[in-house]
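Thanks for making time, everyone. Please bring up the model on your screens, and I'll walk you through it.

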Amino acid sequence: MEKLIQRAGSIDPNLLKKDFPVFERKVHGKPLIYLDNAATTQKPQSVIDCIDNYYRNHNSNIHRGVHTLSYESTVMYEDAHKKVADFIGADKWNEIIFTRNATESLNLLAYGWGLHRLEEGDEVLITIMEHHSNIVPWQMLRDLKGIKINVLGVDDRGDLKLDELPDLLTERTKLVSIIHASNVLGTVNPVKEITRQAKEVGALVLIDAAQSIPHLPIDVSEIGCDFLVASGHKMLGPTGIGFIYGRESLLEDMEPFMYGGDMIEKVTFEKSTWNELPWKFEAGTPNIAGGIGLGAAVDYLDGIGLQNILDHEEDLLSYALEKMSAYDWIKIYGHKSTTESVGVISFNVEGVHPHDVAGMLDEEGIAVRSGHHCAQPLMSELSMDYTARISFYLYNNKEEIDLCVETLKKVKKIFG
Ligand SMILES: Cc1ncc(COP(=O)(O)O)c(C=O)c1O
């Protein structure tokens with residue numbers, strides 16, 4: 001940790017790369033260039049070691065034993081909740097519920113809060129930028145409960161049409177559920193201002209921070225939101241772990257999502273009562289190793305400093321945009337305004353299917369994504385079926401961007 005803090009101030013991606021064992025391998029005989037960070041991030045040795053140490057030395061079920069291993073596992077797992085709470089500025093650690101991922105977090109809120117608190121005619125406001133995981137659960141509630149979904153659009157530059165927000169917020173708006181940073185355009189939405197306006201009509205606010213929390217400092221008390229969700233695997237943590245932040249009073253008032261062991265206080269055949277927070281929402285044996293691994297990921301990110309990560313990515317982003325914009329056969333989506341962005345660029349090479357683009361980049365050891373990025377409404381709004389997408393993180397450097405652009409030139413020559 002001390003080693004990492006000494007590095008803070010500016011990021012040296014080549015030094016940081018040494019912390020990630022995956023970069024020792026080659027892909028098709030070439031050094032790995034990993035530009036698929038919006039899908040998932042690589043894992044530092046400290047996270048891998050932490051999980052290894054847990055299984056080697058502490059493995060035991062939590063909360064159920066008085067023996068030493070069980071006590072240690074319980075403390076480590078609870079500590080991980082505390083680390084996440086501190087990381088996002090939550091008042092209390094019991095406001096953090098561990099889930100499998102952002103998708104499960106959103107479903108938990110749709111079932112645990114929406115199913116019981118929304119009535120026919122109530123409105124949920126989302127944006128056209130949402131990932132499918134922040135659309136489909138609300139459609140489930142529309143079909144089950146007769147709620148209405150309102151959608152805030154985007155303009156040609158890829159920014160939310162904020163001038164339309166006041167008309168979409170009504171006294172029936174019970175929840176505003178918004179993506180913080182777009183996984184397609186990189187746009188960072190003004191969640192604090194949206195929250196302020198939502199509160200004026202008495203709506204709750206849920207932030208999907210899956211693409212923002214790994215890349216920029218977040219403080220839930222400063223935003224003023226009621227809920228926030230994210231996935232551990234996009235922030236250097238293991239797969240299979242995510243979380244919800246929820247205001248304590250709201251979580252206390254909510255119904256459980258899953259029922260069974262660990263989430264109960266007392267069970268009789270007549271009636272059962274629920275455990276205290278956050279366990280009321282963590283039924284069954286949770287992903288203990290994953291939760292502890294997420295805690296180690298938070299330690300690593302804290303050691304580097306989120307502002308340093310953001311500065312580094314902004315530098316990479318403007319470098320890549322300048323390089324790519326030099327070619328009129330590369331069409332870049334979004335990034336046309338001064339709005340803040342995370343390091344995500346969706347693009348197409350004229351006349352070439354994005355899968356072919358991604359395939360040829362892979363031949364050079366460069367990992368990028370191609371497809372609809374689980375955001376089909378946004379894709380169709382911006383008249384794109386599929387795009388290729390590069391996305392940066394703290395271990396990427398400018399030489400990698402140069403190599404990527406050089407390979408795109410080859411792609412154009414061969415396919416275009
Ligand atoms: C903005 C956003 N929200 C939610 C998700 C869902 O994350 P997960 O698949 O980890 O549940 C993603 C995944 O790409 C995303 O980009």
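The C-alpha centres of domain 1 and domain 2 lie 27 Å apart. Domain 1 covers 2-43 + 306-410, and domain 2 covers 49-303. Those bounds come from an automatic or database domain assignment.

Two housekeeping points. Residues are numbered from 1 along each chain as its sequence is written. This is a predicted model, where local features need pLDDT of at least 70 and side-chain atom pairs count only at pLDDT 80 or more, while totals for chains, interfaces and linings use all residues.

Now the overall shape. The C-alpha trace of the protein chain spans about 70 × 55 × 35 Å along its principal axes. With 416 residues, a compact globule would have a radius of gyration near 22 Å, and the protein chain agrees, at 22 Å. That radius is taken over C-alpha atoms, and the globule rule is 2.2 Å times the number of residues to the power 0.38.

The protein chain has 15 helices and 17 strands. Both are DSSP runs numbered from the N terminus: helices are H or I with at least four residues, strands are E with at least two.

The contact takes 30 residues from domain 1 and 30 residues from domain 2. Contact here means C-beta atoms, placed from the backbone, within 7 Å. On the domain 1 side, the elements giving two or more residues are α1 (2-7), α12, β14 and α14 (376-381). Which of them gives the most? It is α12, with five residues. By class, that side has 14 nonpolar, 11 polar and five charged residues. The classes: Ala, Val, Leu, Ile, Met, Phe, Trp, Tyr, Cys and Pro are nonpolar; Asp, Glu, Lys and Arg are charged; the others, Gly among them, are polar.

On to the sheets. Seven strands form an open sheet with mixed pairing, in the order β4-β10-β9-β8-β7-β5-β6. Two strands pair if DSSP finds at least two bridges between them. β4 (96-99) and β6 (148-152) are at the edges, each with a single partner strand, so one side of each has no neighbour in the sheet. From one strand to the next, the twist averages 20°. Angles run from 0 to 180 degrees between N-to-C directions, using axes fitted to C-alpha atoms, for helices over the stretch in contact.

Look inside that sheet. β9 (residues 227-231) and β10 (residues 242-246) run antiparallel, joined by five bridges. V229 has I244 in β10 as its bridge partner. Helix α5 (residues 102-117) lies across β4, β8 (204-208), β9 and β10, at about 40° to β10. Helix α8 (residues 191-200) lies across β7 (173-179) and β8, at about 175° to β7.

The other sheet is open too, with four strands paired antiparallel in the order β13-β14-β17-β16. Its edge strands are β13 (330-333) and β16 (369-371), each pairing on one side only. Helix α12 (residues 306-325) lies across β13 and β14, at about 140° to β13.

Last, the ligand. Which residues are around the ligand? They are N101, A102, T103, H131, S133, I179, N183, D208, A210, Q211, S231 and C374. To count as near, a residue's C-beta atom, placed from the backbone, must lie within 6 Å. By class, this shell has four nonpolar, seven polar and one charged residues.

How values were computed
Two residues are in contact if their C-beta atoms, placed from the backbone, lie within 7 Å.
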